[in-house]
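Hi,

Here is the structure I promised to pass on. Have a look at it first, and my notes follow below.

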Amino acid sequence: MRWPWSSSSNERDEDSPPLSRDALIATDWSHYRDPRNIVPVLVLTGSAFALSTFYRSYLKRIPQAINIGSRFWRRRSLFGRVTSVGDADNFRLFHTPGGRLAGWELLPWRRVPKTAKDLKNKTVHIRIAGVDAPELAHFGNPAQPFSKEAMDFLTSYILYRRVRAYVYKRDQYDRAVATVYVRKWLLRRDVGLQMLKRGLATVYEAKSGAEYGKLEEKYRKTEKWAKLRRKGMWAGDRKKYESPREYKARTGEAKQST
C-alpha cells in the first residue's frame with residue numbers, strides 16, 4: 001500500500017518481495033569511475049600535498065641548529081634577523097622563512113621577539129665559516145689585540161639586520177657553520193670576507209673539518225692583501241703576532257696544566 005503523499009516510483013510496496021542479501025550490499029561503482037569526479041579529487045589531493053611540501057621546505061621556521069635536517073645542510077640557506085652577537089665570529093639568528101613576502105614583521109603574529117626570555121630556544125646559533133676572529137677575554141684569559149675592534153665591527157655590521165646564512169654543518173657546540181651575507185646599499189656582502197679585508201680575522205686553520213664554502217682561495221687572497229697593507233691586527237709587530245688558533249692552543253694548554 002502506498003501512502004497518498006508518497007510520489008516516488010522507487011518506493012517499494014509493502015507487498016513487494018524482500019530484496020536479497022546480495023542486492024542489499026551491492027554498490028554501484030560507476031559514479032566513482034566518472035572522470036568528472038576523479039579529476040577534482042586528484043587535483044585537490046595533489047594541491048594539498050604540494051602545499052604541504054612547499055611549507056615544510058620553504059616556510060616552516062627552524063628554531064635552533066639542532067632542528068636543521070640532514071637534507072638541509074649544503075643545499076639551503078637560512079634567512080632571518082640577527083638578534084645578538086656573542087663573539088667576533090658568531091651570532092644568533094631568528095629564522096624568518098620567506099621574509100616579508102611571508103608576512104614576517106608585517107603581520108602582528110609574525111614578529112621577531114625582542115626580549116631574551118622570548119628568544120630563548122628560538123634562535124639558530126651561527127658560526128661564520130672560514131674565518132677566525134681574535135678572542136675576547138674569557139675564562140680568566142686576557143683578550144687578544146683587536147678582539148674588541150673585531151667584536152665592535154661585527155656588531156655594527158649585522159646586529160638587528162636581516163642576513164642570509166648558507167649552512168654547511170653543525171659543529172661540536174651545536175652551531176650552524178655558515179657563509180653569511182648581508183645587504184649593504186643594495187649590494188650583497190660576505191661578512192667573513194669583510195672581516196678579513198679589514199684585518200679583523202684570519203682564515204680559519206684546523207687540522208680537519210674546516211669549512212670555507214668553496215671560498216678558501218678567495219679568503220686567503222684577501223688575508224694576504226690585508227697583511228700587505230697592514231690592516232687591523234697586521235699593523236703590529238709581526239714577531240709578537242699570535243693567531244687566534246695559536247692563542248686558543250696556548251691558553252687551552254695552560255688551563256690543562258693548572
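**Packing and backbone notes**

Setting aside neighbours within four places in sequence, Met195 is in contact with Ala88, Ala133, Ala150, Phe153, Leu154, Leu200 and Ala201. Keep in mind that this is a predicted model.

Met195 also turns up in the largest nonpolar core, which has 40 residues. Together with Phe91, Ile126 and Ile158, Met195 is among the residues with the most contacts inside that core. Where do the core residues come from? At least two each are supplied by strand 1, strand 2 (90-95), strand 3 (124-128), helix 4, strand 5 (162-170), strand 6 (176-184) and helix 5 (191-197). Helix 4 gives the most, with six residues.

There is also a second, separate core of five residues, and among them are Phe94, Ala102, Val112 and Leu119.

Now for the backbone. Most residues other than glycine have a negative phi. Two spots to look at here:

- Arg74 has a positive phi, near 70°. Arg74 sits in the loop between helix 2 (35-59) and strand 1 (77-87). Its relative accessible area is 54%, so Arg74 counts as exposed, the cut-off being over 50%.
- Phe139 has a positive phi too, near 55°. Phe139 lies in the loop between strand 4 (131-132) and helix 4 (147-158). With a relative accessible area of 67%, Phe139 is exposed as well, because that value is over 50%.

Over to you!

Notes:
Residues numbered from 1 in each chain as written. Predicted model: local features only at pLDDT ≥ 70, side-chain atom pairs only at ≥ 80, totals over all residues. Heavy atoms only, no water. Helix = DSSP H or I, 4+ residues; strand = E, 2+ residues; numbered from the N terminus. Buried < 20%, exposed > 50% of the residue type's maximum accessible area, 1.4 Å probe, protein only. Core = buried A, V, L, I, M, F, W, Y, C linked by side-chain atoms within 4.5 Å. Contact = heavy atoms within 4.5 Å.
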